[in-house]
Amino acid sequence: MTRVVVAKRVDRGDADLSEITDLARAAGYDVVASLTQTRDEDPAFHFGEGKAEELASLVAREDAGAVIIDNRLGPYQTYNIAQKLPTDTEVVDRFTLILEIFGQRASTRKAQLQVELAELRYELPRAEAKASLAKRDERPGFMGLGEYDESRERDIKAQISRIKNELDSIAEKEETRREQRRESGFDLVALAGYTNAGKSTLMQRLAADLEVGENDDLHPDLDPTAESQDKLFTTLGTTTRRAETGKRDVLLTDTVGFISDLPHWLVESFKSTLDSVYRADLVLLVVDASESLEAMREKLVTSHDTLYERNEAPIVTVFNKVDKVDDEELEEKRAALSALAPNPVPVSGLTGENIEELTERVERALPAWEQERLLLPMADDTMSLVSWLYDHAHVESEEYEGEQVLVEFEARPEIVEKARAKASSLSAAPN
Ligand SMILES: Nc1nc2c(ncn2[C@@H]2O[C@H](COP(=O)(O)OP(=O)(O)OP(=O)(O)O)[C@@H](O)[C@H]2O)c(=O)[nH]1
Ligand SMILES: [Mg+2]
């Protein structure tokens, strides 16, 4: 395990190193020391130059192989800090660290492409900076360098557009699959929220274990396990399972957690993963209610920012981990956060407390179903239409009256429309 020093600068107040330390551990580093500074950003070193020197001696004393800095460093700042540090000390910033974790966990083609895309987008401005440095230093006999770096830039741009095309075609396939699932009568519910909020635990709680096996071939992302761990970014791809909520057939999707302070291009790189949230029929926004009010507020803001531009679905906020919070504290948090999290459902994914209230809320918040009664003549295909209704709708009653059958059911508007069409083709069929 590489020994690392974590460091962070804030403009004012105290720098909090807990998240960057968790991220470093999630990436497999051994955090051996830390350093913080409260001051304005220094253009050359990000930290004050004296602090950068302090960092260098800390790295030497601790025999660390890398420093992890929880700030956005410009390419020049990264270079300048590296110059101060013992030779071969790696400088890792918040985004490279997150990308490293994503890279380690990326197990599907899509996840790998997304990581690659983010890495290239990270590298592009750095290659541009290198090229312009090289140009500035260009002297006779040194011509090759600048040109070489410009070709690297062109290379990166070409790779970016190739990967984006492939991701677009994956996204299209997934959109088609979502539509097919809706046509089969499923409501699509997505779990979203800050990393480590307990999404995967809740998924396991809500999932009906039954039937996953049967659907494996149909839906390749249906996965019997949604791993949960006390680690950041345990879940990277998406996992979909059937959930038991009552009348409605719900497909629940668990997905990558949100995290604060990510640049736009990084979030954008994971767009096709987040599409399963943006394009759901309902989003369950999971919040860890056992954290401090301030942490909850910040994480809710990050979550809403991530959802803001693209999300089309209604949102139900879930206050998770209530087994660790007493009623009074919960009530205070609920009141203080009412603007960001209106009417949250308190649950514990771990103990199962209050899960029923959650499933009831899901049923109520999903787009409304239509009621319909169809009087069907007894024809060759009548029984197959009835069984189709059982698969795609909630059948309330089925009564036989002589040569006719009366079916009462509730379903999505599209399903009702399809059923009507099927019914009219029944009666039109010659006997
Ligand atoms: N006490 C308590 N712990 C919980 C609860 N739900 C989840 N946890 C714990 O919180 C940690 C994170 O849970 P996950 O379900 O992996 O969280 P996640 O949101 O899927 O996290 P990422 O996939 O890493 O973004 C695990 O250690 C869980 O056991 C809960 O209701 N109560
Ligand atoms: Mg998870």
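Modeller: Five residues of domain 1 are in contact with eight residues of domain 2, where contact puts C-beta atoms, placed from the backbone, within 7 Å. This is a predicted model, so to speak of local features we need pLDDT of at least 70, and side-chain atom pairs count only at pLDDT 80 or more, while totals for chains, interfaces and linings use all residues. Residues are numbered from 1 along each chain as its sequence is written, and chains are lettered from A and ligands numbered from 1 in the order written.

Colleague: Which elements give two or more residues to domain 1's side?

Modeller: α3 (75-84) and α4 (94-105). The largest share, three residues, is from α4. Helices here are DSSP runs of H or I, at least four residues, and strands are E runs of at least two, numbered from the N terminus.

Colleague: Switching to α11: which residues are buried there?

Modeller: M296, K299, L300, S303 and T306. Buried takes 20 or more other C-beta atoms within 10 Å of a residue's own, exposed 12 or fewer, partly exposed in between, again with C-beta atoms placed from the backbone.

Colleague: Why do they count as being on the same side of α11?

Modeller: Because they cover an arc of only 125 degrees around the axis, taken from the directions from the helix axis to the C-beta atoms.

Colleague: And what's exposed on the other side?

Modeller: E294, V301 and Y308.

Colleague: What do the buried ones pack against?

Modeller: β5 (186-193), α9 (264-269), β8 (282-288) and α12 (327-336).

Definitions and conventions
Contact = placed C-beta atoms within 7 Å.
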